[in-house]
Amino acid sequence: MSSPDSLYRQYPPHPLAAPKADTGHTRSAIVTPTSGHTWHRNPFPLSPVVRLGPMSDLGDARVRAADSGNAHIDTPLIEDVESLVDDYFAPPAAGGRRGRAIALVGEFGLGKSHALRRSYQTIRARHPETATWIVDEPAQDMGRLYRDRLRGPGDTEQGKRAFEELVRDYYAYVTAGWVGGEDDDPRRGTLREIATGLRDRVLDPDKVVSALRYDPEVIHADLRGTLGEVTEHRRFSSALALLLEPPFNRMVWNWLNGAEPAEPLRERGITEAIGPSEGRPDNAAGIDRVFDALTVQGFLHGRVGRPYVLLLDSLEKVLDWPDDSRRAFIDAFERLINIYTSHGGLLVFCSSPDGLRALRQSVHERVVQLWPTGLDQDRTGELVARYLASGEEADDDSGEGAPASTGPFDDEALRLLHELTEGVPREVLKTCREAWQLSEDRDGVVSRVPGATVLRAVRALHERVSYQRVSGDVHDALDLGQWRIASRDPVPARLARSAGGREEVLYWLSPAPNAYIAVIYARSLLLADDVERIVTQVNGLRSAVRPGRFEALLVVNGLVSHAMQDRIGRSIGSRPLVYRQGRFPQSVHEALLQLERRLVEEGREEDLAELGERMRRNLEQQTAHLDEMRRNLAAMTLEAAARPALPAVTGGRAAPEPEPPEELPGTVWRRFREALAMLESVTRRAAAGSAELRVLGCATLVRALTEEFRGAVAAWARGAAPGVPTEVQLRELRRICREYENAVEVLPVHLLGGAEHPNPLTPARTVEVLAEEVWGTLSAPGVS
């Protein structure tokens with residue numbers, strides 16, 4: 001469905017933007033072989049941004065210039081919003097009109113503001129009498145916003161008359177409720193008839209109020225009782241009571257529009273402007289007062305059964321405010337949502353996901369959330385066609401009723417346009433404008449926009465920052481984290497640049513021994529060939545630094561679609577980091593920290609894997625001898641059984657205990673002897689019985705490791721200085737003990753079972769604490 005309403009606003013060029021070369025033509029055009037139609041100079045807007053401020057943005061003026069972007073397409077978001085708006089304006093049920101709050105939530109450029117403007121246009125076209133307030137974006141100085149930018153019924157004489165009539169209806173409604181409830185009044189029946197006539201708008205409220213001599217306190221009591229502590233109801237009830245008095249009408253309207261109260265109003269209790277005074281800003285107080293005004297004015301409509309609407313754009317702007325102003329705005333906005341949903345209003349607002357998260361969860365439950373997505377490929381082509389048509393000046397009327405044409409954009413261009421912009425309307429229009437300019441010939445004529453030109457346009461739009469700026473921010477990131485740059489490049493210089501020269505290694509970092517992070521600079525990665533090129537380069541670097549550990553951080557100065565980011569991440573092991581001005585050095589630092597942690601974890605895994613492989617080889621060697629050992633042990637058992645037993649003692653005394661070697665203290669020697677005796681016992685028991693092969697292998701291997709450990713400790717003791725060991729000697733002893741601990745940790749020592757002779761420790765626990773006991777004894781001062 002076509003529409004004369006513009007989708008995006010045309011802004012003048014930035015004063016610092018480079019001027020376009022003058023070709024001598026004031027207008028450029030395209031001529032297609034089939035249509036013969038002529039278009040104005042570039043029909044796509046320079047800055048495709050919608051604002052709800054100027055009248056032309058809201059569709060109050062039709063601008064025929066091609067740059068105005070007079071185009072619109074229906075999207076699922078707009079259809080959903082219009083459906084909800086139509087439902088709100090449907091005839092109310094017996095219980096009254098149901099209020100509703102709608103949030104349009106999404107990232108920038110997806111068409112939220114356009115959908116909000118369409119809501120305004122729909123309401124204006126179908127329900128022109130509806131009171132509507134429009135806030136283009138929040139501002140810390142809400143008083144100035146209320147005076148200068150907020151659009152509402154009081155902006156026009158027609159709106160003022162409608163609001164005054166509304167106040168009369170409100171007086172009549174409240175008075176009718178008051179007089180109709182007086183059961184002891186002798187005029188009770190007549191008063192009830194009057195109340196019914198007022199509610200049905202059959203009777204003149206001015207005459208009824210004048211005849212009944214209403215008390216303004218009745219109005220004040222109604223506001224106080226209904227709104228409670230939401231607003232400063234006293235000053236609003238006073239203003240509403242004075243609005244219909246001719247001497248005060250202009251004063252009240254000035255005050256309602258944000259001005260300081262006149263002296264007669266001050267004498268009647270209205271002492272402050274709705275927003276903070278000029279030169280005396282009080283942001284929190286001003287925010288509360290402005291929302292009080294919106295609350296009361298909206299509430300009056302709901303009280304008499306009339307619909308009322310508030311449209312607010314860019315809620316996320318408040319996230320950048322100081323804490324006190326932000327909290328004041330969010331609290332007041334949440335109160336307003338509650339009033340609108342409870343008293344029959346319609347509130348539609350746009351926000352980023354972060355802005356929505358700033359609201360309390362209880363508010364989320366009262367808000368209908370609509371999340372826009374990018375356009376599909378068909379709608380992307382339709383958007384292009386509508387903008388071309390909006391700037392078209394046909395030579396005749398033969399084209400009316402014909403399908404919208406995408407003009408010079410061929411099928412490949414439209415496909416790439418959709419894929420690279422991911423259907424985000426703002427990005428589609430920016431890319432189309434750039435591609436159009438790149439396609440103009442010397443005469444300013446565009447005959448064709450091919451896919452290659454779309455690629456050039458994307459690069460021109462997204463690679464505006466210089467190489468020096470990006471590399472400088474990366475350098476700042478290295479300073480931020482005091483990252484260690486490798487003392488030498490671990491690969492030849494020829495491998496540090498890609499074949500096409502579009503990528504290069506900016507820095508080689510070495511966060512750990514034999515571990516490297518390559519920080520790689522790249523331009524836009526748009527096609528499969530681009531991805532293959534960078535993957536080939538990274539894989540070549542990874543192969544060149546082996547056996548060292550390697551990670552790559554790809555910094556992209558340009559565009560990488562989300563699909564491309566996923567593909568690259570799967571191929572090189574980390575997602576690319578797209579350059580964004582602002583916090584980019586912090587982003588690089590945080591990404592490098594993650595890669596460093598990964599390298600450290602990989603190093604631990606490699607060390608464990610190497611130790612495990614060594615243990616596996618040792619176990620295989622031991623396993624090769626297990627069968628032979630079992631056979632030998634069995635033969636020895638038979639031979640021992642055939643010989644007479646030897647006496648256990650000689651001369652009535654036990655066999656003497658072997659003397660420990662001189663280099664080891666007796667305590668350490670006995671611990672080794674006990675551990676080895678226990679392991680020998682386990683080995684014999686496993687060999688003689690029917691234990692699993694792995695039990696026998698584990699016992700044999702642990703025994704061999706323990707004997708090796710004892711030999712290493714004895715060798716250390718021989719070379720240690722008498723008395724207190726030196727720091728160097730203690731570090732060597734600690735290394736020996738840790739190697740034994742690490743070796744025992746990876747073996748299934750829990751399979752060793754219990755000891756044959758009484759012992760407080762199991763074999764497993766014995767070997768697990770052996771290194772700790774050896775270290776504690778030998779590192780103590782004065783050990784001999």
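This is a predicted model: local features need pLDDT of at least 70, side-chain atom pairs count only at pLDDT 80 or more; totals for chains, interfaces and linings use all residues.
How do β11 and β12 run relative to each other, parallel or antiparallel? They run parallel, with ten bridges joining them. One of the pairings is that of V519 with L553 in β12. To get from β11 to β12 the chain passes through α20, and this β-α-β crossover is right-handed.

## Helix α21 and its two faces

Helix α21 spans residues 562–572, and its buried residues are M564, Q565, I568, G569 and I572. Viewed down the helix axis, these buried residues fall within an arc of 135 degrees, so they line one face of α21. On the face turned away from that buried side sit the exposed residues A563 and R570.

What covers the buried residues of α21? The cover includes β11 (515–525), α20 (528–544), β12 (549–560) and β13 (577–578).

## A five-stranded parallel sheet

Another part of the chain holds an open sheet of five strands in the order β4-β5-β6-β3-β7, and here the pairing is parallel. The edges are β4 (131–135) and β7 (367–370); each has a single partner strand, so one side of each is left without a neighbour in the sheet. On average, neighbouring strands of this sheet are turned by 15 degrees against each other, direction ignored.

Within the sheet, β5 (residues 308–312) and β6 (residues 346–351) run parallel and are joined by four bridges. L310, for instance, has L347 in β6 as its bridge partner. Helix α2 (residues 112–126) packs on the sheet, where it touches β3 (100–105), β4, β5 and β6, and its direction makes about 160 degrees with that of β6. Helix α11 (residues 283–303) lies across β4 and β5, running at about 155 degrees to β4.

## Nonpolar cores

In soluble globular proteins, nonpolar side chains tend to be buried together. In this model, the largest nonpolar core has 60 residues, and F329, F333 and F349 have the most contacts inside it. Leaving out residues up to four places away in sequence, F349 touches I102, A103, L104, L116, L312, L315, F333, I337, L359 and V367. Apart from this core lies another, of 33 residues, including V668, V682, C698 and L778.

## The chain as a whole

Stepping back, the secondary structure comes to 26 helices and 15 strands. The chain has 784 residues, of which 48% count as buried. Among contacts with a separation of 6 or more, 73% are between residues 24 or more positions apart.

Key:
Residues are numbered from 1 along each chain as its sequence is written. Side-chain values use heavy atoms; hydrogens and water are left out. Buried means under 20% relative accessible area, exposed over 50%, partly exposed in between (1.4 Å probe, protein chains only). The arc is that of the directions from the helix axis to the C-beta atoms. Contact means heavy atoms within 4.5 Å. A nonpolar core is a set of buried Ala, Val, Leu, Ile, Met, Phe, Trp, Tyr and Cys residues joined through side-chain atoms within 4.5 Å. Two strands pair if DSSP finds at least two bridges between them. A crossover is right-handed if, with the strands pointing away from the viewer, the path from the first strand over the helix to the second runs clockwise. Axes are lines fitted to C-alpha atoms, for helices over the stretch in contact, and angles run from 0 to 180 degrees between N-to-C directions.
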